Amino acid sequence: MKTAVAGHPGAEEQEEIKFLAAVAKKKPNVLVSEIKPTEIKMLPYGRTLVGVNKAASVGAVPISKGYGLQLKFNDRTGAVLLLDTGAGGIIIGRKLAEKVGVTKIAETAYGGIGNEGPIQSYVGWVDKITIGNVEFHDYIVVVSSRTDINDEAGLIGADVFEKFLVTLDFKEWKMVLNPLPKNPNVSGNEDDPQDRYIAPEMQSYAKIFRFGHDLVIPVVVSDAATGNFILDTGASMNTITPMLMSQIAKLSNEGEAVKGVSGTVKVLTGDKATLQFAKVRVRSSDIPAVPLNLDPTEFSGLIGIQTLVQMKMTIDYRDGLVNLEVYDFRPARE
């Protein structure tokens, strides 16, 4: 346990004070562009075809390490960051931060899947960030002490666009942003916390839990067990915790290591499993059992890009809603 002498804050408290003092002087993450319909191109990171014969392109959806968005920092430095619904805000590596000229605010740390624990980093200001037609001023980014983030220039969470209704169309390689439906129950500041509102046109959307940036949805696994899974476009595959997997299948020690932002972690292999969530039912082959040390909430697994790429995903961060539309794959032409 860390202690601090009365009147003399410890190192973490000092950094927190620096951060609070900085954001008290100017408002962070200001969306200066108009909230209106717009599209942003998504860039696949190396792709193969799923749903059809690999030699054919008709009806195919690319499956890859993930999808990225092109960002421009301070009108001079461009970079493609991995679009990650399992991440929050913008995290970049030290190399890109040096090019951008990030103004340091305070020390911090971030973590994820891996055995190396929290990664030392700092938070800092970027005067201007442009993503397609969307522009932010005075954006706070997290800068890793590492050169890059898991071999990427950085990550961008879909929650960056939380003021919009966000649609990820993997088949068309585009992000579609639309205004959120007007909440008739709001009388004050729309940015204040509000009760969930489900517009008439969104009655078919599934309710999700939001823990910070994480989108969590109940999943029934192989019709035998239920757990809360994170919808994570930054994860290459579906994973399940050993505890939940042990309820439906025998575990093997033959699994390989999985790489995450906090290093690698040894996994156990399970068996084929079906995952049912948000009116979608998918089969996941040889789903690995990976411990998720994501305190303070216990999650049961991740739904990764391997599954999510097969459907159009619409997210309402404000009201905790998601809609998943499975693509209609057409057979390959001879």
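Reply: Two strands count as paired if DSSP finds at least two bridges between them. Strands (E, at least two residues) and helices (H or I, at least four) are DSSP runs, numbered from the N terminus. The model is predicted: local features need pLDDT of at least 70, side-chain atom pairs count only at pLDDT 80 or more, and totals for chains, interfaces and linings use all residues. Residues are numbered from 1 along each chain as its sequence is written, and side-chain values use heavy atoms, with hydrogens and water left out.

Start with strand β23, residues 273-277. Of its 5 residues, 4 are buried (under 20% relative accessible area; exposed is over 50%, partly exposed in between; 1.4 Å probe, protein chains only). β23 has antiparallel bridges to two strands, β17 and β24. With β17 (residues 214-221) there are 2 bridges. There, Val 220 has Gln 276 of β23 as its bridge partner. With β24 (residues 280-284) there are 5 bridges. The hairpin of β23 and β24 has 2 residues between the strands, and Ala 278 takes a positive phi near 45°. In general, strands of a sheet pair through backbone hydrogen bonds, parallel or antiparallel.

Next, an open sheet. Six strands run in the order β2-β14-β13-β27-β28-β15, with antiparallel pairing. β2 (38-41) and β15 (206-207) are the edge strands, each pairing on one side only. β15 is joined to β28 (residues 321-326) by 2 antiparallel bridges. Ala 206 has Val 322 of β28 as its bridge partner.

Lys 312 forms a salt bridge (side-chain nitrogen of Lys or Arg within 4 Å of a carboxyl oxygen of Asp or Glu) with Asp 169, closest N and O atoms 3.9 Å apart. Lys 312 is partly exposed at 26%, whereas Asp 169 is buried at 6%. Elsewhere, salt bridges that share partners join Asp 75, Lys 128 and Glu 135 into one network.

The salt-bridge count comes to 11. One of them joins Asp 138 and Lys 26, at 3.6 Å from N to O. Asp 138 lies in β11 (residues 134-144) and Lys 26 in the loop between α1 (11-25) and β1 (30-31), so the pair ties together parts 112 residues apart in sequence. Lys 26 is partly exposed, at 32% relative accessibility. Another salt bridge joins Glu 98 and Arg 94, at 3.9 Å from N to O. Both lie in helix α2 (residues 94-100), 4 residues apart, about one turn of the helix. Glu 98 is exposed at 56%; Arg 94 is partly exposed at 36%.

Last, a loop residue. Thr 233 sits in the loop between β18 (225-231) and β19 (239-240). Thr 233 counts as buried because its relative accessibility is 2%. Its side chain reaches the backbone oxygen of Leu 83 at 2.9 Å. Not counting residues up to four places away in sequence, Thr 233 touches (heavy atoms within 4.5 Å) Leu 83, Asp 84, Thr 85, Leu 168, Phe 170, Ile 305 and Leu 308.

Note on methods:
A polar contact is a pair of N or O atoms within 3.5 Å; within protein, one must be able to donate a hydrogen and the other to accept it, and residues adjacent in sequence count only if both atoms are side-chain atoms.
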